[in-house]
Amino acid sequence: MRLKTLNQPLGVLLIFLTSQIGFSSIAKAQTPVAPTITTKSICSTQLGTAIDAVINRPLFSRVRWGILVQPLSTGQTLYSRDAQKYFTPASNLKLLTTAAALQQLGANFRIRTSIYQNGNGVLRVVGRGDPSLSDTQLQKLAQQLKQKGITQIQQLIADDSYIQGDIVNPTWQWEDVQSDYGAPVNSFILNQNIFSLKLIPQAVGKSLQVVWTDAGEARQWRIINQSVTVAQNQPSYINVTRELSGTILRIQGQLTTNSEPSLIDLPVVDPNYYFLRRFRTALATEKITLGQTLVLNGGVDQEEIAFVESPPLAELLAETNLNSNNLYAEALLRALAVKKLRVKNQTSADVGLEVVKASLTQLGVDPANYILVDGSGLSRRNLVTPEAFVQTLRAIARTPTAYLYRASLPVAGKSGTLKGRFQGTSAEGIVQAKTGTLTGAISLSGYMNAPKYEPLVFSIIVNQSEQPASVVRQAIDEVVVLLTQLQRC
């Protein structure tokens, strides 16, 4: 899962939850520990014993391991541990979503945001769930309208009919919905549907100053500021909670005087009106006055007078997998719904899941190997076998766009969520794999160009772990390093 890096002093803890719930759904990032290297070469017949020595340690006695290792070309099993049993996959699930998106939508697919002229000073903007849309693109839309000679808009209609259904998955946990990594997904996604505020220390004993980056957003909230500035020898911590009403933010905790401000990212509550507020600002910059705004579900497309498009799908995949971006994954899942007519009362996400299943089946992935309820892996109701990931990775490798899929994955010790792992080991630079983290669930699945063996594909999933995430990751990394030492004997 993606956890944003906060611009804050060491030791500051952000917990954007209700005051009754602990921060449990995402393990905190910890300093990676290099795997222990105990041998330099392993025959394939010795691999089972070597891996078992890692995962059968007493500290993992209550942990479930699911592992499958195969050569990329043959599908011969080199190691298997419960590879056909269900596990909570965490963000490894993005491998399935992005595989289907690449197969169904194509590498050059873009998501378009359009403005139509309905006459009599009425414009209709149609959002199609572009996760990359930002204030910069809103400014481009405003500039296009100005170039058309438009200086006044009597009414602007935001048509949010493109994506149907809940804006957050109903199976996500409460703390996820309240965090930036669980931002809502709908037809209008702007600035990844998050907004920011800064907490700035003052004189000792004074409350922290709250500075909004968006004055329009500030007017949507009532702040209860119970924070304080403390002397430099005191610990720093911040606790930001949102009331169930959705309109009250409670800020608690303390920062030391003269310390750096703490930047807090929060999910917007109503994406449609957040979009309209920001667009009004963009229009004002171009001296275009805007009267009434409405949100409607549906309408008739007339003359398109302005549009912006997302980067091509290949770039959207890279953001999804490299940085484990949940919002991008959920947006791509809903984009898949355009490939299939939905029946009444069927949500875009449900249709997208049907398309994922059909696409994976077409690739040769056994549909009995997974049960999917979202596109990002944030839900704990997702169930996937290690075999499903290996089947997907092997199948995609045989397609014409395999290089784009593989390029979207983090590289060990080099990029994305693997940049801080495997540095200085034999796996650095030769492993491309997707990470996954939920509390008690850690996963890693991907490809390896083994130096003295043929290319490998692997999936490693750990569930029901009471160990710190760093301990589990170190063991997973040790297994991966063992794979780099395979040689023909």
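The model is a predicted one, in which local features need pLDDT of at least 70 and side-chain atom pairs count only at pLDDT 80 or more, whereas totals for chains, interfaces and linings use all residues. Residues are numbered from 1 along each chain as its sequence is written, and side-chain values use heavy atoms, with hydrogens and water left out. Helices (H or I, at least four residues) and strands (E, at least two) are DSSP runs, numbered from the N terminus.

Helix α8 spans residues 326-335 and is mostly covered, with 10 of its 10 residues buried, where buried denotes under 20% relative accessible area, exposed over 50%, and partly exposed the range in between (1.4 Å probe, protein chains only). Among these buried residues are Asn 326 and Leu 327, together with Glu 330 and Arg 334. The buried residues of α8 pack against α2 (94-105), α7 (313-322) and α9 (348-363), contact being taken as heavy atoms within 4.5 Å.

An open sheet is formed by 5 strands in the order β3-β2-β19-β18-β17, with antiparallel pairing; two strands pair if DSSP finds at least two bridges between them. Because β3 (79-81) and β17 stand at the edges, each with a single partner strand, one side of each is left without a neighbour in the sheet. Neighbouring strands of this sheet are turned by 10° against each other on average, direction ignored, with axes given by lines fitted to C-alpha atoms, for helices over the stretch in contact, and angles running from 0 to 180 degrees between N-to-C directions.

Within this sheet, strand β18 (residues 441-448) is mostly covered, 8 of its 8 residues being buried. Strand β17 (residues 431-438) pairs with β18 in the antiparallel sense over 8 bridges, and Gln 432 has Tyr 447 of β18 as its bridge partner. The two strands β17 and β18 form a hairpin with 2 residues between them, and Gly 440 in the turn has a positive phi of about 80°. Strand β18 also pairs with β19 (residues 456-463), in the antiparallel sense over 7 bridges, and here Gly 446 stands opposite Phe 458 in β19. Strands β2 (residues 64-71) and β3 run antiparallel and are joined by 3 bridges, with Tyr 79 in β3 as the bridge partner of Val 69. Helix α12 (residues 469-484) lies across β2, β17, β18 and β19, and runs at about 20° to β18.

A further open sheet, of 3 strands, has the order β8-β7-β12 with antiparallel pairing. Its edges are taken by β8 (209-212) and β12 (262-267), each of which has a single partner strand, so one side of each is left without a neighbour in the sheet. Neighbouring strands of this sheet are turned by 30° against each other on average, direction ignored. Strand β7 (residues 194-200) pairs with β12 in the antiparallel sense over 6 bridges, and Phe 195 stands opposite Leu 266 in β12.

The structure holds 1 disulfide, defined as a pair of cysteine sulfur atoms within 2.5 Å. This disulfide is formed by Cys 43 and Cys 489, whose sulfur atoms are 1.9 Å apart. The pair links distant parts of the chain, 446 residues apart, with Cys 43 in strand β1 (residues 42-43) and Cys 489 in the segment after β20 (486-487). With -90° about the S-S bond, the link of Cys 43 and Cys 489 is left-handed. Cys 43 counts as buried because its relative accessibility is 17%, whereas Cys 489, at 68% relative accessibility, counts as exposed.
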